[in-house]
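Reader: I have a structure to study, and I would like to learn how to read its features one by one. Could we go through it together?

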Amino acid sequence: SLRWDDGTGFWSISTNRGDEFKARYIFMNFGTLTHPKLPGCPGVDKFKGHMMHTSRWDYMYTGGDGYGGLTNLSDKRVAIIGTGATA
């Protein structure tokens, strides 16, 4: 949901996943960037580790929040694959 808060001058945003944000500006995008493009690497379907797209971040796995503190990754090897805006 999206609500304007006159008291703070910010938008209050909540998602169906329970995320809550405050923002001064909102940009609506209904184009191709609303759907993540997953890597087409051969064998990706056989990968046994945890995998996520940056547009669908999994804080339950990584720990932390949008400001950092990804402490659950401290003992993990992490690879970032891609060159696009969300890589």
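Author: Let us start with a convention for residue classes: Ala, Val, Leu, Ile, Met, Phe, Trp, Tyr, Cys and Pro count as nonpolar, Asp, Glu, Lys and Arg as charged, and the others, Gly among them, as polar. This is a predicted model, in which local features need pLDDT of at least 70 and side-chain atom pairs count only at pLDDT 80 or more, while totals for chains, interfaces and linings use all residues. Residues are numbered from 1 along each chain as its sequence is written, and side-chain values use heavy atoms, with hydrogens and water left out.

Reader: How do the residues lining the second largest pocket divide into these classes?

Author: Rolling a probe the size of a water molecule over the atoms shows where empty space is left. A pocket is an open set of points on a 1 Å grid over the protein atoms alone, where a 1.4 Å probe fits and protein lies on both sides within 12 Å along at least five of seven lines; lining residues have an atom within 4 Å of a point. The lining of the second largest pocket divides into five nonpolar, three polar and no charged residues, and among its members are Leu2, Ile13, Phe27 and Met28.

Reader: What is the order of the strands in the open sheet?

Author: Strands (E, at least two residues) and helices (H or I, at least four) are DSSP runs, numbered from the N terminus, and two strands pair if DSSP finds at least two bridges between them. Here the three strands follow the order E1-E2-E3 with antiparallel pairing. The edge strands are E1 (2-5) and E3, each of which pairs on one side only. Strand E2 (residues 10-14) pairs with E3 over four bridges; Ile13 stands opposite Phe21 in E3, and Ser12 stands opposite Lys22 in E3.

Reader: Which contact joins the side chains of Ser12 and Lys22?

Author: A polar contact is a pair of N or O atoms within 3.5 Å; within protein, one must be able to donate a hydrogen and the other to accept it, and residues adjacent in sequence count only if both atoms are side-chain atoms. The side chains of Ser12 and Lys22 are joined by such a contact of 2.9 Å.

Reader: Is Ser12 buried or exposed?

Author: Buried means under 20% relative accessible area, exposed over 50%, and partly exposed in between (1.4 Å probe, protein chains only). Ser12 counts as buried because its relative accessibility is 8%, whereas Lys37 is exposed, with a relative accessible area of 72%.
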